[in-house]
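Hi,

Here's the structure I promised to pass on. Have a look at it first, then read my notes below.

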Amino acid sequence: MSILILESNAEFYASRLAEAVPDLEFKSATTEDEALSLAGDARVLVGLAPYLSPRLISACGKLEWIQALTTGVDNLKGLKDIAITNCHGIHGPQMSELAVMMMLAALRDFPKMLANQKAHVWERWPQPILSGRTACIVGLGAIAEHLAGVLAAFGMTVTGVSGGRSEAPGFARIFPRERLAEAAGEADFLVLLTPYSPQTHHIVDAAVIAAMKPTGILVNISRGGCLDEAALVEALRAGRIAGAALDVFSASPLPPDDPLWDMPNLIVTPHIGGFSDVYHEQALPILVANMADYAKGGVAALKGRLDR
């Protein structure tokens with residue numbers, strides 16, 4: 001059974017998987033054109049979900065399973081008769097560290113420090129600390145639980161908002177979704193970590209932003225569609241909240257003429273939340289386990305790990 005891997009570290013995955021599961025044939029490609037030339041007999045396609053194009057998927061004439069190297073598989077949801085698994089559960093460290101970086105940078109106005117350095121300006125001001133503040137995390141999955149533990153180490157109180165959970169380790173209090181505005185009003189930081197769906201489209205809208213403290217900071221590291229960006233722009237222009245930090249956007253990459261680039265007190269990062277310099281090592285154990293099961297029993301052996 002032929003497994004096609006499209007990724008910059010494809011050769012790493014192919015060599016390690018071949019050692020662990022010698023009954024399968026692994027082919028590696030680093031470009032789509034290279035992958036297309038190898039796709040004809042591929043039963044399994046491995047890669048970062050957003051880069052698995054309809055063209056490549058169609059070229060895999062025997063395709064029965066896609067192993068995404070991401071957690072999100074939004075672009076694959078319309079596929080029929082193809083099993084999909086993801087790399088859920090490995091993103092806690094990098095996502096949490098990005099959230100903390102954003103929170104500290106916004107709270108301490110670190111962009112101003114960098115601008116002062118460039119201008120050779122020596123300016124000091126009292127430095128706010130995370131200890132004693134409250135962070136409300138919207139969405140209570142594995143990443144949120146990891147982040148809650150990290151924030152606790154800074155001496156923070158962590159609350160949450162969930163559509164299905166009423167308790168989780170590390171959370172002092174959990175609000176149902178219909179009380180999101182109340183939860184946002186109590187927090188110093190509102191952190192979005194909820195998956196995107198019709199139910200979470202613009203879950204943080206003008207009303208939720210209006211409920212935030214004037215000193216509140218909004219952080220979105222989930223999906224762009226979860227935030228009403230127009231409402232955020234209006235709030236930032238009016239100075240109704242202290243700041244925001246966004247890693248994800250409704251349009252990605254963020255267009256050069258998008259007003260978000262020039263908003264006061266807004267930090268923009270280019271959708272780096274899930275990245276790490278050891279990502280291939282983080283993902284490998286999931287791939288090894290799934291491939292070993294597939295070699296023994298085909299797609300049926302993946303039951304319980306399928307994204308849908």
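Which residues in α1 meet which residues in α10? On the α1 side they are F12, Y13, R16, L17 and A20, and on the α10 side Y279, H280, E281, A283, L284, L287, V288 and M291 (contact means heavy atoms within 4.5 Å; helices are DSSP runs of H or I with at least four residues, strands runs of E with at least two, numbered from the N terminus). That contact divides into 10 nonpolar, 1 polar and 2 charged residues (Ala, Val, Leu, Ile, Met, Phe, Trp, Tyr, Cys and Pro count as nonpolar, Asp, Glu, Lys and Arg as charged, the others, Gly among them, as polar).

Before you go on: this is a predicted model, where local features need pLDDT of at least 70 and side-chain atom pairs count only at pLDDT 80 or more, while totals for chains, interfaces and linings use all residues. Residues are numbered from 1 along each chain as its sequence is written, and side-chain values use heavy atoms, leaving out hydrogens and water.

Now back to α1, which covers residues 10-20. Its buried residues are A10, F12, Y13, A14 and L17 (buried means under 20% relative accessible area with a 1.4 Å probe, protein chains only). What do the buried residues of α1 pack against? They pack against β1 (2-6), β2 (25-29) and α10.

Among the elements giving two or more residues to the lining of the second largest pocket is β11 (243-246), but α4 gives the most, with 3 residues (a pocket is an open set of points on a 1 Å grid over the protein atoms alone, where a 1.4 Å probe fits, with protein on both sides within 12 Å along at least five of seven lines; lining residues have an atom within 4 Å of a point). By class, the lining has 10 nonpolar, 3 polar and 3 charged residues.

Cheers

Definitions and conventions: Axes are lines fitted to C-alpha atoms, for helices over the stretch in contact, and angles run from 0 to 180 degrees between N-to-C directions. Buried means under 20% relative accessible area, exposed over 50%, partly exposed in between (1.4 Å probe, protein chains only).
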